[in-house]
Amino acid sequence: MKQQKKGLNTICTHFGQLEDKEFKGAISPLYLGTAYAFEDIDVKRYPRYFNTPNQVALAKKIAALEHAEAALIFGSGMAAISTSLLAFLKAGDHIVIQKIIYGGTYNLVVEEFEKYGISYSFTDGFGAEDFEAKIKDNTKVIYIETPSNPLLNITDLKAVADISKKHGLVSMIDNTFASPVNQNPIDFGIDVVIHSATKYMGGHSDICAGAVASTEANIKRIFSLAKNFGGSLSDYTVWLLERSIKTMGIRVRAQNANAQNMAEYLYAHKDISAVYYPGLPSHPDHNIAKKQMKGFGGMLSFELNADFNASKFQKSLKLIKPAMSLAGVESTVLSPTLTSHSLLSAEERKRQGIADGLIRFSVGIEETEDLIADIEQALEKVRKERELAI
């Protein structure tokens, strides 16, 4: 009889859980050892080999969540991104990269790839034709991020996957903003799915980690480089991440609902000039998002009217925290020009459409009435200060 497919929260809670055989506890035991036996055993375990008991168990959970055959856990999202890219690229190769991506990934490419003899091209747009136009004879990888950081652009997963297969390329995605709750790129034909597990998988602003999910063959190839780069994660953090993922489905769905409400409120506000959220019908990629996302996510960005100071506004917030990173249960805001995209030049930020006054809003699980009240009092405070200064 065909086994029934398990639901998201069931996978989050039970898949990849270690059995406490000695005391029969309800949660995974934590194995902190860094020295394991090597004689008369099947697996020679060592933390840098990504195969301690807790590492192996958590990888199974993440693979199940992303509908993949296998996964690896890394010490950070950038460790996962850099190791995955360099596992499929060598001197003389070329990569096609989406126009707007996370600032750390952009900096990795423009600062480091030339040292490795790897060439790259950024697309002019987000359409299938933009990716295909940049493919060369030596292209090996197409790399995307959807929704993108920080403008929430949407790239058509199936279109990119089809182009990659047509040209014999490996397709990779940073799926951090969506999380496995809202989007499973492998279902659309994408080869390698990468996460900053610091974000929605961790979900409490207290874990730094990365993850990669793909086929057994691709994960084996990534592991071959990963064990040399040494980007593994401590088992205590692995254990904390496994605990956090248990509530990911509940957390993210609550954040989806809150973000939709906040986007609609901001879009109608007289003091807001622009809102970027794929759940709004006004978003240019709304229909693509509906096709490939189960939820529109907890991330949005907005711009205040020109006569409002974005920095003063953020400092005036009382409940919403101005803070780096994202996707915690608490709502946070930041200025991409000062944080996530500060490594980009002013010219490059302008080319990507990232205004100095852009505010990225990671919506948490609070009541939206309280979030709205906080934004209103901050706007009023800035408005009064501006009037007094005139």
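Is Cys12 buried or exposed? Select Cys12 first: its relative accessible area is 0%, so this residue is buried, where buried means under 20%, exposed over 50% and partly exposed in between, with a 1.4 Å probe and protein chains only. Cys208, by contrast, is partly exposed at 44%, and the structure holds zero disulfides, a disulfide being a pair of cysteine sulfur atoms within 2.5 Å.

This is a predicted model, in which local features need pLDDT of at least 70 and side-chain atom pairs count only at pLDDT 80 or more, while totals for chains, interfaces and linings use all residues. Residues are numbered from 1 along each chain as its sequence is written, and side-chain values use heavy atoms, leaving out hydrogens and water.

Next, select strand E2, residues 94-97 (strands, E, of at least two residues and helices, H or I, of at least four are DSSP runs numbered from the N terminus). His94 and Val96 on one side, and Ile95 and Ile97 on the other, are all buried. E2 pairs in the parallel sense with strand E3, residues 119-122, over four bridges (pairing requires at least two DSSP bridges), and Ile97 stands opposite Phe122. On the other pairing to inspect, E2 runs parallel to strand E4, residues 139-145, again through four bridges, with Val96 partnered by Ile142.

Finally, move to the open, mixed sheet of five strands, ordered E8-E9-E12-E11-E10; its edge strands are E8 (272-276) and E10 (321-322). Within it, E9 (residues 299-304) and E12 (residues 358-362) pair in the antiparallel sense over five bridges, and Met299 has Ser362 as its bridge partner.
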